[in-house]
Amino acid sequence: MGKTIRLTMAQAVAHFLKKQMTVIDGRKVPIFGGVWAIFGHGNVAGMGEALYQVRGELPTYRAHNEQGMAHAAIAYAKASFRQRFMACTSSIGPGALNMVTAAGVAHVNRIPVLFLPGDIFANRAPDPVLQQIEDWGDGTVSANDAFRPVSRYFDRITRPEQIITALKRAMQVLTDPLDCGPVTLSLCQDVQAEAFDYPESLFEEKVWTIRRPHPDTDELASAIALIKSAEKPVIIAGGGVLYSQATKELTAFAEAHGIPVAVSQAGKSSIDERHPLALGSVGVTGTSAANSMAEETDLIIAVGTRCQDFTTGSWALFKNDKLKILGLNIAAYDAYKHNGQPLVTDAREGLKALSKGLGGWKAPAALAEKATKEKNVWMDAANKAMASTNAALPSDAQVIGAVTRSIDLEKAIGLCAAGGLPGEMHKLWPATAPGSYHMEYGFSCMGYEIAGGLGAKMANPDKEVFVLVGDGSYMMLNSELATSVMMGIKVNIVLLDNRGYGCINRLQMETGGANFNNLLKDSYHEVMPEIDFRAHAESMGAIAVKVSSIAELEKAIADSKNNEGTSVFVIDTDPLITTEAGGHWWDVAVPEVSPRQQVNKAHAAYVKARAAQRVG
C-alpha cells in the first residue's frame, strides 16, 4: 500500500486542498484561493481545527453570512475565468441551507466552488442533534440533501476513507470545462474527527490544466460549409469565450471573415466594444445595433453560450425564415439547442480550426457596412442616455454614464447582478478588456453584488471594482461590506436608491398589473421607511457619501481615488426611467382573463408577440 499518514478526515481534506495547483501565465499557483468559513457545532471541531493547521498555506476567511461568503467564492472563480476557485464550509442546518441559493448561482453559471457543509452524525448516536432536519420516512435525509439539485457532484462522507475518492472526483468536476460547477461534499461531523491511515500519495502536489477538446473532423467540415453558405452571419459570444480565454481568437475570427459580434450577459467583455465589428449586447437587453443585425441574420454562430431567453428574446428575436444555428460549445447539451448544428469543442480551438478551414472566405461586405451604420446609430442613442443631467432623480443610465466617465475603464471592473441595472449595464457599460464586465445574470440573484465585489477584488487586486447595486439588493444582503472593511479589501459601491423594487414594478406595469407591493409607497406600511444608507454603510466601517446630483457623484468618485478602504456612494434615482433605445420583447406570461382592462389589453399584446416565437 505504501507509506501512510494518520489524519482525521477533516485534516485530510485540508492537506489535500493545499496541494492542488494550476499554472497561470507560466507561474504555478495554488488552485484554491482560500476557504471561506463560518463555524458552528457541525464543523468547528473538525474542519476548524484542520484549517487552523494549514492556515499559512491555505488561508481561511471569515464572513458574516454563509450565502454572502459563497457569493464571494463564486465571484472569485468567475473573475479568475475559472482557473482558480475557493471552498466554503459551514455548520449543519441553517448555515448549510444559507449556501444553497449560492450553489444555484454557481450551478446555473457553471462556476466551480467547493461546498463543505457539516452534516449529521453518521453513527446517529446523539440523534436528533441541534439543527437536524428529521424525515419521518427516510433516516438518511438531512438538510444537505437540498444541495443535490444544485451540485454538479454531491457526496455524503459517512466513513473517513470515503474522502479519498470523493476529493479526486471533486477536483475532476471543478476543473473540467464541460462538467464545471459546484461540488458538495457533505461532511458528517463525527466522521470529520475520525482518524484514518491515508496514503501519502493523496497529498502529493497535483497540477491541473485546462482541457481543450478539438472539434470532430466531420462536425468541423459541416460547420465550415454552413458558414460559407451564409449571407448574413452573426456571432453571439457567451461566457464560454471568456472561460476558454479565447478573446483574441474571437476578435481575429471576426476580423478575418467580416462577421459582426454580439454578446450575451456572460459573454460581454469577450471583445473590446470599441471594435468596429462589436455590436454590444443582444436580446431583451440588447443594443439596437445587435438586435437589428440579429433580426435579419441567416446564421447565428453561437460561441460558448447556452442561449438563455434574454439572449434570444425568448426566441422571438430572429425573424429570418432561413435562420440556422451553429452551436460551437464544449457542451453538446448546449451545442444542439434549438436544432442547432453542433460543433462540440473548446471555444479557442474551435475558432482557430474554423478560421483555418474558411481560409480567405469573408462574409459579404454589405454585412460589415450595415453593422457600422447600425452601431453609429446605437452609440448616439447610448451617449444621449448616459449624458449628464441636472434632474433631481437621474436614471440608472445617467448614473452608469457618471461612473464610466469618472474611472479608468482599462483598470476597472463593473459588477452587478439583479434588478434593472443589469439590463442598462448590458447595453451601456463600455467593456474594453476581458473580465472588465462582471454580471451574475444566469440566476440574477439579489444580494450577489456586494459579496461578489469582494470576491472579484480578491481575484484582481490590481483592479478597481465598482459595484452598482439597487436599494432592494442592498437590503437583501449587505453584510459582506463589513467583511471587505475587516479584510482591508477596497470595493467601490454605487448604491442607487429608487425606494423599492423598481425593475419588477416596471415589469408589473408592462404586463398590465397595478403598482402593487414593489415600490415601498405601494406596499403595506404604517410609516414610510426612511433608510439612511450612508449612515448604515458608515456604521460598518465604509467611507460613505450621499450625493444629490450626477455632478456630485462624479466628483465624489474622483475624490475617493485615494481612499484606502471600501467606499459607498449613495444617490437617489428614478424608478421608472429606462433606456428606450434597443431592447426586445421578453416572454412573461400575462393572465388570460382578468376583471381589469389593463391586464386584458396586456394579454392581447402578449398573444400577438408570442406569434413571433420560434418553437423548437
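A: Two strands pair if DSSP finds at least two bridges between them; helices (H or I, at least four residues) and strands (E, at least two) are DSSP runs, numbered from the N terminus. This is a predicted model, where local features need pLDDT of at least 70, side-chain atom pairs count only at pLDDT 80 or more, and totals for chains, interfaces and linings use all residues. Residues are numbered from 1 along each chain as its sequence is written, and side-chain values use heavy atoms, with hydrogens and water left out.

Q: In what order do the six strands of the open sheet lie?

A: The order is S5-S4-S6-S7-S9-S8, with parallel pairing. Strand S5 (60-62) and strand S8 (153-157) are the edge strands, each pairing on one side only.

Q: How many bridges join S8 to strand S9?

A: Five bridges join S8 to S9 (residues 182-188), and the two run parallel. Ile-157 has Leu-187 in S9 as its bridge partner.

Q: Where is Lys-490 found?

A: Lys-490 sits in the loop between helix H20 (480-487) and strand S21 (492-497).

Q: Is Lys-490 buried or exposed?

A: Buried means under 20% relative accessible area, exposed over 50%, partly exposed in between (1.4 Å probe, protein chains only). Lys-490 is buried.

Q: Which backbone oxygen does the side chain of Lys-490 reach at 3.0 Å?

A: The side chain of Lys-490 reaches that of Asn-563. The backbone oxygen of Ser-560 lies 3.2 Å from a polar atom of the Lys-490 side chain.

Note on methods:
Lys, Arg positive; Asp, Glu negative; His and termini not counted. Salt bridge = Lys/Arg side-chain N within 4 Å of Asp/Glu carboxyl O. Polar contact = N/O pair within 3.5 Å; in protein donor to acceptor, adjacent residues only side chain to side chain.
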